[in-house]
Amino acid sequence: MDISPQIAVIDFGSQYTQLIVRRLREAGYFAKLFLPGELRQIGAPRGIVLSGGPRSVSDPDAPDLDLPFVESLGVPVLGVCYGMQLLNKKHGGKVEPGTTREYGPAQLRPEPGSVLFEGMSESSRIWMSHSDTCTELPEGAEVVGRNEEGVPVAIRLSESCYGIQFHPEVTHSEEGNTVIQNYLRLVDDEPRFRMDSFKEQLIEGVREEVAGREVVCGVSGGVDSTVLAVLLHEAGVKLRPIYIDNGLMRKGETAEVRAQFGELGIDIEVVDAGARFLAAIAGVDEPEEKRRRIGDLFVDVFFEAADEVELLAQGTLYPDVIESATSGSDASTIKTHHNRVQRILDLQAQGKVIEPLAELFKDEVRELGESFGIPHEILYRHPFPGPGLGVRVPGEVTAEKLDIVREADAIFIRHLKESGWYDKVWQAYCGLLPIKTVGVKGDERSYEWALALRAVVSEDAMTADWVELPPELLRKISNELLNSVAGINRVFYDVSTKPPASIELE
Ligand code: XMP
């Protein structure tokens with residue numbers, strides 16, 4: 001499904017590029033990312049934004065821009081950071097390495113009357129991240145903003161072509177959204193990106209792509225696969241949602257997922273493969289080997305159940321697509337590791353895979369889910385890893401250990417929900433440490449497992465911080481765990497940040 005963007009964002013590799021796209025979409029404009037080499041595929045956007053990037057425009061192999069092509073589109077252009085330097089250079093100005101690298105906050109002093117900074121304060125905090133500077137502007141260009149030392153940080157190269165040295169897309173730039181809004185006012189188009197109308201486009205697109213074929217999809221009860229299944233269901237396609245119970249799910253999870261889908265009017269096929277998974281990882285304690293066996297078996301079990309696939313729907317999201325594109329289409333770098341195994345690549349080559357959510361960010365998927373009436377508790381569930389409790393029981397996984405983790409996790413999560421902490425935490429779980437320690441139970445010596453509680457906040461799972469749960473809450477939780485979960489005599493609270501730790505134990 002290929003939906004043309006209103007604004008094309010050209011990605012020169014900045015860590016903030018995705019944020020530009022999100023800000024434009026939040027402002028109601030459907031924006032999409034393209035690599036500089038994809039310029040001819042951008043369709044007929046009404047505006048072009050050039051992102052920042054880590055390189056210097058003077059590097060011989062720095063990413064380039066086909067300026068005549070961009071100019072031929074006749075739409076407003078905004079260059080951010082590297083984008084500004086590139087515009088300046090391509091228009092005939094000069095860019096030189098700065099004497100110092102400039103990272104972090106600065107002040108923007110807009111020149112009076114500048115359209116790009118209309119409605120902004122006389123001095124506004126902005127976020128810089130660059131080392132090169134535009135030392136000479138091309139003929140006809142003018143400075144429209146300076147920093148507190150009077151150095152130009154914003155230029156106007158032609159009637160509707162601007163360059164800014166700072167990042168309006170990051171929240172540290174106080175009035176960054178006003179800059180984006182002002183740029184969008186130059187664009188000859190209305191804000192049209194609203195989920196209710198986009199939803200209709202998606203449904204229409206799905207119907208066209210499916211063209212009467214039967215669609216198989218995997219469901220886990222997580223946000224993406226649930227929204228995907230509901231979208232397909234709403235589009236009225238013949239659907240087979242398959243749920244694999246790998247024996248590594250949480251307490252009561254399979255029944256819950258079945259009931260949740262039932263309420264949404266969707267019948268799921270449950271494949272009970274717990275015994276096969278436990279047998280496949282019996283005696284394995286090396287984490288990567290464990291993950292590999294779980295992942296491989298998942299694919300086998302799924303395709304056995306699916307049998308002849310006419311069409312497979314995947315819940316791939318926009319960030320996964322961007323990630324694989326910017327890393328040179330190296331499919332192995334995709335995070336969601338089930339999405340690109342050989343079997344699926346083969347189906348893809350035969351035109352038998354659709355990815356209807358591939359245009360959307362996670363928060364947009366949630367918004368879409370809301371518009372379908374999917375309950376809040378499903379859309380805001382904490383993430384749960386593909387290998388399930390397998391990565392929360394370091395070392396050998398046994399049925400006994402899984403039972404302990406299931407019981408404990410249900411208690412921990414119930415307390416978080418009852419105390420209102422569940423929604424403030426990004427992810428929380430119980431893991432079972434691979435050690436037994438000595439304790440006293442009644443008058444007896446005990447020698448039992450140790451439990452770890454983990455609760456983190458994160459933006460994108462790349463970094464995470466542990467959550468300072470109130471001590472009285474931790475006390476309540478640990479009391480209940482020690483009194484009611486058989487097989488443990490100790491509870492630890494994990495106070496490790498990521499990095500250097502990871503969110504999961506394995
Ligand atoms: P780590 O442990 O790498 O986890 O800090 C980061 C986030 O990714 C989730 N995770 C996975 N999700 N399949 C998934 O779908 C996996 O194999 C997997 N491993 C980790 C983890 O729960 C956390 O949200």
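Into which domains is the protein chain divided? By an automatic or database domain assignment, they are domain 1 (7-186), domain 2 (195-379) and domain 3 (398-493). This is a predicted model, where local features need pLDDT of at least 70, side-chain atom pairs count only at pLDDT 80 or more, and totals for chains, interfaces and linings use all residues. Residues are numbered from 1 along each chain as its sequence is written, and side-chain values use heavy atoms, with hydrogens and water left out.

**Ligand site**
- The ligand is surrounded by 13 residues (a heavy atom within 4 Å), and the closest are Arg291, Gln427, Lys498, Ile503 and Glu504.
- Polar contacts are pairs of N or O atoms within 3.5 Å; a polar side-chain atom of Glu504 sits 2.5 Å from a ligand oxygen atom.
- For Gln427, a polar side-chain atom is 2.7 Å from an oxygen atom of the ligand.
- The protein buries 76% of the 490 Å² that the ligand exposes when taken alone (Shrake-Rupley method, 1.4 Å probe).

**Aromatic pairs**
- The whole structure holds 9 aromatic pairs (ring centres of Phe, Tyr or Trp, with its six-membered ring, within 6.5 Å; planes under 30 degrees apart are stacked, over 60 edge-to-face, the rest tilted).
- One of them is the tilted pair of Phe30 and Phe198, at 5.1 Å centre to centre and 45 degrees between the planes.
- Phe30 is buried, with a relative accessible area of 4% (buried means under 20%, exposed over 50%, partly exposed in between; 1.4 Å probe, protein chains only).
- Phe198 is also buried, at 3%.
- Phe30, Phe193 and Phe198 make up one aromatic cluster.

Technical notes: A polar contact is a pair of N or O atoms within 3.5 Å; within protein, one must be able to donate a hydrogen and the other to accept it, and residues adjacent in sequence count only if both atoms are side-chain atoms.
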